Amino acid sequence: MHNAALRERFPTLFSENAQIDVELDKNKGWATPINEMLELLLQEQANTPALRISQIKKKWGNLSVYGDDFSERADTIIEEAEEKLTATCDVCGEPGEPDKNFNGMTVGVRCANHSINSKNENAELSEALKLAKVGIFFVVNGELLFDAVTLERGEPYGDTVGFSAHIDYWEELAPKTPTEQLFKSHSYDYYPRGRVVFFKDSSVLRLYADRCIGKANIEKIATTFQLPRYQLTRDEHYMCACCNSRYVDL
């Protein structure tokens, strides 16, 4: 049942501009419970004529229903349906549990048979992570200077794995190329910089970068560090001389 059909079947339940953001053609396992919920709400509407649904949506594996003039009974109907669907496979309707992607984000509720794709994805990611690197980098006139190691050789710190420090790299570098010489002619924090860190609990690689590092250089960094997937975070901590109006080059 597509969204238009849902509105057609329960025309009085939905407000004129109601948002129906649950695709029952794709989430067939939830079709019956949602229709049962709407049937009960339609019955309750006889007691509360002003009852209307303004939005019904599925997000991160949860159903949410919003509206106006919900009675206590309507609230109970919705709460019971929302709770039931947190343990119902959205593919087939069998008992399930939240299915998470490599970021640790819930993508749906899946039974054992229908969580295979996510498991395969995680297995492939685990292999790719063996090649991924953590560490620090600088972008000097479009060229990349970096200090990195594979995850296996990274330095654990709480829930994360990282490597190296910007100032240590700058202090220890004996310049050999024109780019390195230019880099050493300023303070360590003069040029745009950032780092790649791995979060163990969620298996997420996060790329922290100065806001002025453009897309092309971000892709170059991701390729150099062999990142299969990553979250890009623009971090003010890595602000360079051009971005910081108060910067003093010592």
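Predicted model: local features only at pLDDT ≥ 70, side-chain atom pairs only at ≥ 80, totals over all residues.

**Overall form and one residue**

Colleague: Is the protein chain a compact globule or more spread out?
Modeller: Its secondary structure comes to seven helices and 12 strands. For 250 residues the globule rule gives 18 Å, and the radius of gyration of the protein chain is 26 Å, well over that value, so compared with a compact globule the chain is more spread out. Along the principal axes, the C-alpha atoms fill a box of roughly 80 × 40 × 30 Å. The answer is therefore: more spread out.

Colleague: How far apart are the mean positions of the positive and negative charges?
Modeller: The protein chain has 28 positive and 39 negative charges.

Colleague: Is Leu-129 buried or exposed?
Modeller: Leu-129 lies in helix α4, which covers residues 116-129. Buried means under 20% relative accessible area. Leu-129 has 11%, so the residue is buried.

Colleague: Which residues does Leu-129 touch, leaving out those up to four places away in sequence?
Modeller: Contact here means heavy atoms within 4.5 Å. Lys-26 is 103 residues from Leu-129 along the chain, and their C-alpha atoms are separated by 31 Å. The residues that Leu-129 touches are Leu-151, Phe-198, Leu-205 and Pro-228.

How values were computed
Residues numbered from 1 in each chain as written. Heavy atoms only, no water. Helix = DSSP H or I, 4+ residues; strand = E, 2+ residues; numbered from the N terminus. Rg over C-alpha atoms; globule rule 2.2 N^0.38 Å. Lys, Arg positive; Asp, Glu negative; His and termini not counted. Charge placed at Lys NZ, Arg CZ, Asp CG, Glu CD. Buried < 20%, exposed > 50% of the residue type's maximum accessible area, 1.4 Å probe, protein only.
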